[in-house]
Amino acid sequence: MASEDPATASTSPLAPRDGGRTPASGKTFLGQPRGLANLFSVELWERFSFYGMQGIVLLYMYFSVTDGGLGIDRAAAAGIVGAYGGSVYLFSILGGWVADRLLGSERTMLGSAVLIMLGHIALALIPGVPGLAVGLILIAVGSGGLKATITNLVGTLYSADDPRRDAGFSIFYMGINIGGLIGPLLTGLAQQRAGFHLGFGLAAIGMAIGLTQYLLARRNFPDSVHEVPNPLPRNLYGRYIAIGAGAVVVVVLAVVTGLLTAENLADVVVGATIVAAIVLFVFLLSSKRISADEHSRVVSFIPMFIGSAAFWALFQQQFTVITIYSDTRVERDFTDLPLLGDWTMPISWVQSFNPFFIILLAPLFAALWTRLGRRQPTTPVKFSLGIMTMGAAFLIFLPMVGTTAVPVLWIALIMLVATMGELMLSPVGLSLSTKLAPKAYPVMMVALFYLSLALGTALSGSLASFYSEDNEGPYFGTLGAVTIGVGLVLLALSPRITRAMRGVR
């Protein structure tokens, strides 16, 4: 990473006054600032609950009532999952705005964690569609707020030119995936043995553990994390309350009149996300509070945003198409296993392949970036390689087209390749969003990165409606080839993008 001017070295007004460097006492967490340990633990338990719930919620929707589900059409259920996942990242904009203008990152993160826990409790205790709706809405709003703010808090631990920065985000990302590994394993087993609501209950318990741990260590954070970077004037409170209430009324009317349905929900979220991205880019680029260098950096993020959305449109299908594929196409029945005898692997366990590979590979990638130091590839090059790798993962489905029962290890191979792509894009993308952020809007830039995930995740739900067992070849082949093409275009543009980043690599 190239050094920046002292005036722009900090990416956030919440950054420590020592530039994010390790205190003189020498206390570190895996060679990183000590504060990373607390944030690592909070995110681990939040991801345990999030992925534990997400591992079984699609099955809960389309399984028959006699099997403990809701009996929703499979394609519509996949669309709902995609729309919900996209909404999580879409709500990161709201969380970022609240953090930047009302509460600060730390208080916003705490309130968001409470909403997440309440959402899992609703799924566990309220039966039927009402419990599903209340639970998913609360979790989407809470997860959006937590995502944008906790990433910004990690960014405050480092100066923009600290060579440990990408490695620190990779370690943080490993914590995410420890939770993501354990969550589907436990909730999937609970669902198989005792039903969906026990699985959702375990997710609620996991979030409660994370929240308790954070409250016990909360006092150890410096007072600066409570600062509000750009406070909203009191005389504008009424205007924004009216805007929020109006938005809720519009959504309710759309549902009541039939304009918003389960079948078109993912498409609506895709459209809303595109509009939100345009508005946010225009807002940042037209703000008088950003410098010329910051303006150029925001522009440089536009092609990265598009590439990131293309990546997540495929990657997030592990919660839509790949879940369906695992239910209908993967051989999960095993016989004569030691100690287990005849055993059927829970469907959701397939979703633990990705976090398992992250745990194995994230330290290697972190060590690689640290060892290369300033010789490592620029972020645009990492992005393009990650996108092409994700496209290649989808092409690996093709040899299994027409196979009666796909081996579990074949899905493991696909997720291994996808995970390698993820490690070249996602943790460095989080890091990049904090480095490119204008000083006046640090959390909003992180929210913009998550908005690319919102678009990709919602697209994963929309695309799922085109998948069936009969068209696997065209489906996986077309999406894989198009995504590789997107990566090649970004690779060709990477020198120009790097120059526009004005000293950020």
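**Helices and the spaces between them**

Student: How far apart are the end C-alpha atoms of H7?

Tutor: H7 has 20 residues, which at 1.5 Å a residue should span 28 Å, the expected span being 1.5 Å times one less than the number of residues. Helices here are DSSP runs of H or I with at least four residues, numbered from the N terminus, in a predicted model where local features need pLDDT of at least 70, side-chain atom pairs count only at pLDDT 80 or more, and totals for chains, interfaces and linings use all residues. Residues are numbered from 1 along each chain as its sequence is written, and side-chain values use heavy atoms, without hydrogens and water.

Student: Which residue just after H7 takes a positive phi?

Tutor: The phi in question is about 85°. The residue that takes it, just after H7, is glycine 258.

Student: How many residues of H4 are buried?

Tutor: The 28 residues of H4 should span 40 Å at 1.5 Å a residue, which agrees with end C-alpha atoms 41 Å apart. H4 is largely enclosed by the rest of the structure, because the number of its 28 residues that are buried (under 20% relative accessible area with a 1.4 Å probe, protein chains only) is 20.

Student: Which helices give two or more residues to the lining of the largest pocket?

Tutor: A pocket is an open set of points on a 1 Å grid with protein on both sides within 12 Å along at least five of seven lines, and its lining residues have an atom within 4 Å of a point. The largest pocket holds about 2200 Å³ of space and is lined by 49 residues, with Leu90, Phe91, Leu94, Ala247 and Val251 nearest its centre. The helices that give two or more residues to this lining are H2 (74-103), H4 (128-155), H7 (237-256) and H8 (265-286).

Student: At what angle do H1 and H5 pack?

Tutor: Helix H1 covers residues 35-62 and helix H5 residues 165-194, and their axes, 6 Å apart, are lines fitted to C-alpha atoms over the stretch in contact, with angles from 0 to 180 degrees between N-to-C directions. The two helices pack at an angle of about 35°.

Student: Which helix gives the largest share of the lining of the largest cavity?

Tutor: A cavity is a set of points where a 1.4 Å probe fits but cannot get out, and the largest one holds about 240 Å³ of space. Among its 23 lining residues, Arg47, Tyr51, Tyr173, Ile176 and Glu422 lie nearest the centre. The largest share of this lining, five residues, comes from H5.

Note on methods
Points joined across faces, edges and corners; volume = space filled by probe spheres on them. Buried < 20%, exposed > 50% of the residue type's maximum accessible area, 1.4 Å probe, protein only.
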